[in-house]
Amino acid sequence: MTKSFQQAFNALKEHTCLSYAKIATMGGLCNVDHIIVKATAPNSSPLSDKYVHQLLRLFAISPPCCRAFSLGFARRFGKTRSWRVALKCLLLLHRLLRSSPEDSLFRTELLINRSNGSISLYPCNFRDVSSSDPESFTVFIRSYARLLDEISNEDNHRARPGPPDNSPEEIGRVLEVLEQIQSLIDRVIECKPTGVTTRNFLIQTAMKHIIRDSFVCYTVFKNDIVFLLENMFQMPTYQCCISAFSVYKKAALQADQLYEFYQWCKLMGVCGCYEYPFVDRIPLLQIQALESFINGMWEIKDDDGDHQSPSSSRLSSTAEKVGDEGEEERQPLIKLNDDDDDDSWEDILEASVINFSSHGSDEKDEWKIQVYNPFDGKYVSSDPNYPWGL
């Protein structure tokens, strides 16, 4: 009885707000609050594009409308207990974020209201009381709100015009961006609908916007992870190398999750199959090889605890060998005497194997690793004297 009363009271409240907004619009008193209420009507119709365009025009003509929208959105989203209203509020915010540049006044006002607690996307206190399966709708709304909370912080996942350089500052910036994109991809995967929400039309409409944004994120991620892999053995510090490996290791695990998530979305008919990017999956064997090599690459060479790169130690050892053997004449692997014409081919083969193993034992420290890059089909060498793409 209590649940039925809550549903009836919530429906009456939402329809009253919508009727008031329509009457105010007819009387010429249309403002940002009325547009928000009309755009987030508690029905099964999708969010109309005209409300998005109206708000964008108001933001361009009158900058104070950006603050009015932030306050109106906080009231509308914070007070509703209808999943339809909450979902349309988040869809409206998502569309506006996508259409606004990073340095816009709209984003600035949104960040100010989030910082002072007026808008709370994460943690989100929304709880649905208007459906037969309130738990499934509540989980989806909260997951979607958390995704938008991270998107509104910074938008560094957008594509850049040129490739990054190899400076330490650029490597640090790429690491930071990759960590942000990985966090966004985690939030996208968490938005997977469950229960009755999987077949809901409004939920599928929201999933299309979420999935298409993830396509852009993953495209930028693939380009930056290749750059990270190529520079992993030239990191200036041990901590940078460990951070880069952690990002690459998480990328291997996340690729499997993202592949399964995209496969589920294709089965549910979310976006066209031709829109999905190819997910490059990193083999676990490569991660294990990288981990073993990095553990052996950074070793303590003196009592002070300073880390020395193996590339510099290889160069110094090679220089010493060249200095000691500079005047020596290179000997052949197989020595044949003129008087040993009766030696059989088995003895010659045995002599060649013994001599080859003796020559290789002097250079046992000259080891290096070649890592297969699944993103461009090339091998990446750890030796700085060799080109990256072999």
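Guide: Cys 271 sits in the loop that runs between α10 and α11. Helices here are DSSP runs of H or I with at least four residues, strands are runs of E with at least two, and both are numbered from the N terminus. The model is predicted, with local features needing pLDDT of at least 70 and side-chain atom pairs counting only at pLDDT 80 or more, while totals for chains, interfaces and linings use all residues. Residues are numbered from 1 along each chain as its sequence is written, and side-chain values use heavy atoms, with hydrogens and water left out.

The phi angle of Cys 271 is positive, about 65°, although this residue is not a glycine. Most residues other than glycine have a negative phi, and most peptide bonds are trans. Cys 271 counts as buried because its relative accessibility is 10%; buried means under 20% relative accessible area, exposed means over 50%, and partly exposed lies in between, using a 1.4 Å probe and protein chains only.

Helix α10 covers residues 238-267 and includes Gln 254. With a relative accessibility of 4%, Gln 254 is therefore buried. Apart from neighbours within four places in sequence, Gln 254 is in contact with Gln 182, Ile 185 and Asp 186, where contact means heavy atoms within 4.5 Å. Helix α11, residues 284-297, contains Gln 286. Gln 286 has 8% relative accessibility and so is counted as buried. Its C-alpha atom is 9.6 Å from that of Ala 252, which is 34 residues away along the chain.

Two packed helices are described by the angle between their axes and the distance between the axes. Helix α8 (residues 168-190) and helix α9 (residues 201-230) pack at about 145°, with axes 9 Å apart. The axes are lines fitted to C-alpha atoms, for helices over the stretch in contact, and the angles run from 0 to 180 degrees between N-to-C directions. The crossing of α8 and α9 is left-handed, a label given when the near helix is turned anticlockwise from the far one by less than a right angle; clockwise would be right-handed. Sorted by class, the contact of α8 with α9 has 17 nonpolar, two polar and one charged residues. Here Ala, Val, Leu, Ile, Met, Phe, Trp, Tyr, Cys and Pro are nonpolar, Asp, Glu, Lys and Arg are charged, and the others, Gly among them, are polar.

Next comes the core. In soluble globular proteins, nonpolar side chains tend to be buried together. The largest nonpolar core in this model has 94 residues, of which Phe 69, Phe 77, Leu 87, Phe 140, Tyr 144 and Ile 211 touch the most other members. Such a core is a set of buried Ala, Val, Leu, Ile, Met, Phe, Trp, Tyr and Cys residues joined through side-chain atoms within 4.5 Å. Helix α9 supplies the largest share of this core, 16 residues. At least three core residues come from each of domain 1 (1-136) and domain 2 (166-299), with the domain bounds taken from an automatic or database domain assignment.

Not counting residues up to four places away in sequence, Phe 69 touches Leu 92, Leu 55 and Phe 106, among others. Leu 92 belongs to helix α5 and is buried because its relative accessible area is 0%. Its contacts, leaving aside neighbours within four places in sequence, are Ala 39, Leu 47, Val 52, Leu 55 and Phe 69. Ser 99 is also in α5, which spans residues 83-99. With 42% relative accessibility, Ser 99 is therefore partly exposed.

Finally, the chain as a whole has 13 helices and four strands. Of its 390 residues, 42% count as buried. Among contacts with a separation of 6 or more, 73% join residues 24 or more positions apart.
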